[in-house]
Amino acid sequence: MNFDIQKTTSPKAKPQDESKLGFGRIFSDHMFIMEYEKGKGWYNARIQPYQNLSLDPASPVLHYGQEIFEGLKAYRADNDDILLFRAKENAKRLNRSAERMCMAQVDVDLNYEAIRAIVDCERDWVPHNPGTSLYLRPTLIADGNALGVHAAHKYIYYIICAPSGAYYANGLAPIRIYVEDKYVRAVAGGTGYAKTGGNYASSLKAAEEAEAKGYAQVLWMDGLERKYVEEVGAMNMMFVVGDTLITAALEGSILPGITRMSILQLARDMGIKVEERKVSIAELLDAADSGELKEAFGTGTAAVVSPVGELTYKDKTVVVNNNEIGTLTQKLYDTLTGIQTGKIEDKYGWVTRV
Ligand code: PLP
Ligand code: COI
């Protein structure tokens, strides 16, 4: 597919020191963008210089939060190939989120081609250092000018690119997690499985309070019984209890992570017993007491595989694996990142070259 490309006349300087990239703070020169109108469909698909959007102040995204997004990465292989990881899964998930939020769908193949096109245009922005990548943020917002609470008739879809390093300041070091017992993120029947801005806006208060106490993220519990652990702010959660890898089942309140799905497949193929089911906080604390809670880690595009060294629930804190990266956590991290960067053979067909 060929998109109109308008190149910038004032390219920005690329980051000099890739060890200081951080996450999502610097943006590349160009963006993909297209517009939608009911009855007309998507139109004016193009790549243009990165720039501000122009929105009517009555635009529904600004009032009612009709917004969804995605997150995926382009990696630089040792031979300078630029590799995308499971991009079509992101395109499919965007449409599942769009369906929940009553938004226009973006054809999966069109979206995939748009992702490829912007990455191709920005390939020089894909950083080189180990652990870095070009983070892509596909975003779909409602446009128009009507204050009635209805699904919009106009949408804007765009993709921006941020050369990024580790999501957590300390890289692949175990993080401290606060098990949230006051606030809830989602309930079955709500929007938990959709990647929509409101889920993140409503999580900020808990995150701020946890951060003030020195925790990197909160671990959400189910909104009904506040008994079962679900996911953290930007990652799905996995626990190694005895010889079994356990994670919350997909029951509508958590995001069906693409990293989650990939890690579960890798673990199964390594011969690890995997269970997707309800996991209560009581079960985890008991397992910690009896020495059966061997490892805990989060999975996500931005965070990759992130070991958890400490869990606090109410007045009880448990240290996991002596606050060190677990053997299985490390093996899964190495395998996943090896496939993503072309160092390990991709027998799954997850990686595509741009
Ligand atoms: N859960 C939440 C709330 C997230 O924001 C993310 C990040 O995208 C994930 C889980 C992990 O999903 P994925 O592995 O597709 O990045
Ligand atoms: C991602 O991992 O892509 C995310 O979207 C997490 C995030 C909200 C920073």
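Close-up 1. An oxygen atom of ligand 1 sits 2.5 Å from an N or O atom in the side chain of Thr259. The protein buries 96% of the 380 Å² that ligand 1 exposes when taken alone (accessible areas come from the Shrake-Rupley method with a 1.4 Å probe; for residues, only the protein chains shown count as cover). Polar side-chain atoms of two further residues also face oxygen atoms of this ligand: one of Tyr200 at 2.6 Å and one of Lys195 at 2.8 Å. Before moving on, please keep in mind that this is a predicted model, where local features need pLDDT of at least 70, side-chain atom pairs count only at pLDDT 80 or more, and totals for chains, interfaces and linings use all residues. Residues are numbered from 1 along each chain as its sequence is written, chains are lettered from A and ligands numbered from 1 in the order in which they are written, and side-chain values use heavy atoms, with hydrogens and water left out.

**Close-up 2. The shell around ligand 1.** Ligand 1 is surrounded by 17 residues, the closest being Arg93, Tyr200, Glu231, Thr259 and Thr301 (a residue belongs here if one of its heavy atoms lies within 4 Å). By type, the shell splits into six nonpolar, seven polar and four charged residues. Strands E11 (229-232), E12 (235-241) and E15 (293-300) and helix H6 (258-269) each contribute at least two of its residues (helices are DSSP runs of H or I with at least four residues, strands runs of E with at least two, numbered from the N terminus).

**Close-up 3. Ligand 2 in its surroundings.** Here you can find Phe23, Phe69, Gly71, Tyr135, Arg137, Tyr167, Lys195, Tyr200, Ala234, Thr301 and Ala302 around ligand 2. A polar side-chain atom of Tyr135 comes to 2.6 Å from an oxygen atom of the ligand, while a polar backbone atom of Ala302 is 2.8 Å from a ligand 2 oxygen. On its own, ligand 2 has 280 Å² of accessible area, and the protein covers 89% of this.

**Close-up 4. Asn95 on helix H2.** Asn95 belongs to helix H2, residues 87-100. With a relative accessible area of 11%, Asn95 is buried (buried means under 20%). Leaving out residues up to four places away in sequence, Asn95 touches Gln105, Val106 and Val108 (contact means heavy atoms within 4.5 Å).

**Close-up 5. Neighbours of Phe32.** Again not counting residues up to four places away in sequence, Phe32 touches Phe3, Ala45, Arg46, Ile47, Ala114, Ile118, Tyr157, Tyr158 and Ile159.

Key: Polar contact = N/O pair within 3.5 Å; in protein donor to acceptor, adjacent residues only side chain to side chain. Buried < 20%, exposed > 50% of the residue type's maximum accessible area, 1.4 Å probe, protein only. Nonpolar A, V, L, I, M, F, W, Y, C, P; charged D, E, K, R; others polar.
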